[in-house]
Amino acid sequence: MPDGVALRIIQRMMKNAVEVRDLHVVRGPHTVLEHLDVTIGGGVTGLLGPSGCGKSTLMRCLVGVQRIQGGTVEVFGLPAGSRPLRDRVGYVTQAVSVYKDLTVAENLHFFARVLGAGHDEVDRVVAAVDLGDHRDDVVGRLSGGQQSRASLAVALLDQPDLLVLDEPTVGLDPVLREDLWSLFHRLADAGVAVFVSSHVMDEAERCDRLLLMREGRILADGSPEQIKSAAGVDDVEAAFLALVRRAAA
Amino acid sequence: MNARITLAVAGRVLVQLRRDHRTLAMLLVLPCVLISLMWWMYDDANPLLFDRIGPALLAMFPVIVMFLVTSVTTLRERSSGTLERLLAMPMGKLDFLVGYAIAFGLVAAVQSVLAVAVSIGLLDLELAGPVWLLTVVAVVDAILGSALGLFVSAFAQTEFQAVQFMPAIVIPQLLLCGLLVPRDRLPDALNGLSDVLPLSYAVDAMQHLTTSTSTGQVWRDIAVVGAFAVAGLAFGAATLRRRTP
C-alpha cells in the first residue's frame, strides 16, 4: 500500500479532522472569534448562526487563509493551511469563486490541473453537482444556483478528506438543496469530514452534529436531538433562542 | 514553483482572453491604429520626427496596455475569491504571477509583431538593427507592464482605483522617457530621475535599434528593464498574502 494511502486511512481513523484551540481572531476593530475551542470529526457537521457571527471567519481559519491573533488550528494533525493539506481540503467561499467568463468545464479543468487531479475527475464532479447539461455553458450566464454549484464542484475535485463549505445552499430551490444535502451525506459516508455553514435554521436537522454560533462563541454543540432536548423545545430555531436567552440571563 | 500549475494559470488566462473578443481586438489592433495616427500627424509637418517617435511608441504601448489589463484582472481575482481559493490549493505565489506573466507576455509578443510589422511595412519606419530583437524588447516591456500592474493591484481596493494608478505610475514615465524631449536635453534633475525609470531604458533600446546595427547597448537596456520587471514581480509576490486579515 502506498504511504499516502496508508496515511489517509490512519488520519480518517483519527477521531478529529479538525482541532481548534483557544482561537482568537480580530478583524479591524472587532473581535470576531474569542478564545474558541472546537473539534470537528467525521460526518456532516453544521455551523449555524446569524450572519456576522463569525462562521466565515472560522471557516477561513480552517483552510489557513485567515490571519489569526492567537491559538492553534490543526487539520489532520497539521497546522491549517500547511502545504500537505492544500490538496486535501476542499473549500467553497460564500462568493462564487470561479471564473465567470469561462465555461463550467473549463473552470474545472483549470482547477483540476492546479490540484494535479485527472481529467476524469471533471466528469465525476460535474455529475455530482448535476451540471451535466450546462457543462459547456459560460458560468456568468448560468443562474445563481447553478453558479454556486459550479463553485461547489471545484471543491469536490481530487476527493478531499475535509470539505469546508460556506453557505453552499443559499439561493437554491428546495429540490436542489435536498440533492446537495444527500450528496454531503454520501461524501460523509465515504469518510469525508463535511463542515457546512448556514444561517437557515431548518437546514440544521440534516446535520449529524450541530454547532450553534453567536457573536464569535459556540453556544451549543451536539446532535440536533441533543440540542433540542437540552433546550426543552422541538425545533432548532427555538433552541437557539432559548440558549441565547439563557446565556443573557 | 511548479511548471504544471504555472502553465495551467497561463493557459486559463489565454482562454479567458480568447473569450473576450473586444479586449483582444483592443489589445492587438489599437496599438497599430495609434502608431498609424502618429505617423499621419507628422507626415506633412515633419516626417523625420516619426523616425524618432515611432520606436518610443513601440516601447510604450506594451507597457501601458499590459499595466492596465494586469492591474484590473489581478484585482478581479482578489475580489472574486478565486485568488483566495487558489492560495488555499497547492499553488505558489510565483506560479500565479509567472503564469500571468507568460500569458500576457505571449499576447504582448503578438501585439508587438503586429505593431512592428505596421511600423516597418506600412509606415516606412527605418530599422538598422534586427527585427527580432525589437520584438524581444517589446516582450520584455510588456512583462514590465504586467509586473507593475500586478504590484499596484495590491494597493487598490476597486477596479476604479486600479485604473487611477495609470496616471500616477505610467504617465510620468511617458513624459520623461525621451518621447517628448530627448533625455539628454532635460533639466539635470529630471534627467537624473529618468535614469531610474524603467521605460527610459525601454525607449533607449528601441531608439538604438533604429539607428545602429550594434546590439550590445540594446542587451544592456533589456537587462535593466528585465531587472525592473523581476523586482516588480518579487514585490508583487510579497503583496500576495495567503493569510489576510
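Start by selecting chain B, which has 10 helices and 0 strands (helices are DSSP runs of H or I with at least four residues, strands are runs of E with at least two, and both are numbered from the N terminus). Along the sequence, chain B reads α-α-α-α-α-α-α-α-α-α. What you have open is a predicted model, in which local features need pLDDT of at least 70, side-chain atom pairs count only at pLDDT 80 or more, and totals for chains, interfaces and linings use all residues. Residues are numbered from 1 along each chain as its sequence is written, while chains are lettered from A and ligands numbered from 1 in the order in which they are written.

**Chain B as a whole**

Zoom out for a moment. The C-alpha atoms of chain B fill a box of roughly 55 × 40 × 35 Å along the principal axes. The radius of gyration of chain B is 18 Å, which agrees with the value near 18 Å for a compact globule of 245 residues (taken over C-alpha atoms; the globule rule is 2.2 Å times the number of residues to the power 0.38). Of the 245 residues in chain B, 45% are buried; buried here means that 20 or more other C-beta atoms, placed from the backbone, lie within 10 Å of the residue's own, against 12 or fewer for exposed and in between for partly exposed.

Next, select residues 216–239 of chain B. This is helix α10, with 24 residues and a reach of 35 Å from its first C-alpha to its last, close to the expected 34 Å (1.5 Å times one less than the number of residues). Show its side chains: the buried residues include B:Val218, B:Ile222, B:Phe228 and B:Leu233. The buried residues of α10(B) pack against α5 (93–122), α6 (131–153) and α9 (198–211) of chain B.

Move on to α9(B), whose 14 residues reach 21 Å, close to the 20 Å expected. Of these 14 residues, 13 are buried, so α9(B) is largely enclosed by the rest of the structure.

**Where the chains meet**

Now bring in chain A. The contact takes 23 residues from chain B and 24 residues from chain A (contact means C-beta atoms, placed from the backbone, within 7 Å). On the side of chain B that touches chain A, α1 (3–19) and α4 (82–87) of chain B each supply at least two residues. The largest share, 7 residues, comes from α1(B).

**Chain A and its sheet**

Chain A has 8 helices and 10 strands. Its radius of gyration is 18 Å, close to the 18 Å from the globule rule for 249 residues, so chain A is as compact as a globular protein of that length.

Colour the open sheet: 6 strands in the order β6-β7-β8-β3-β9-β10 of chain A, with mixed pairing (two strands pair if DSSP finds at least two bridges between them). The edge strands are β6 (89–92) and β10 (217–222) of chain A, each pairing on one side only. Inside the sheet, β3 (44–48) and β9 (209–214) of chain A run parallel and are joined by 4 bridges.

**A last stop: the hairpin**

Finish at β1 (18–27) and β2 (30–40) of chain A, which run antiparallel and are joined by 7 bridges. Here A:Val25 stands opposite A:Leu33 in β2(A). Between the strands lie 2 residues, and A:Gly28 takes a positive phi near 60° in this hairpin.

Terms used:
Two residues are in contact if their C-beta atoms, placed from the backbone, lie within 7 Å.
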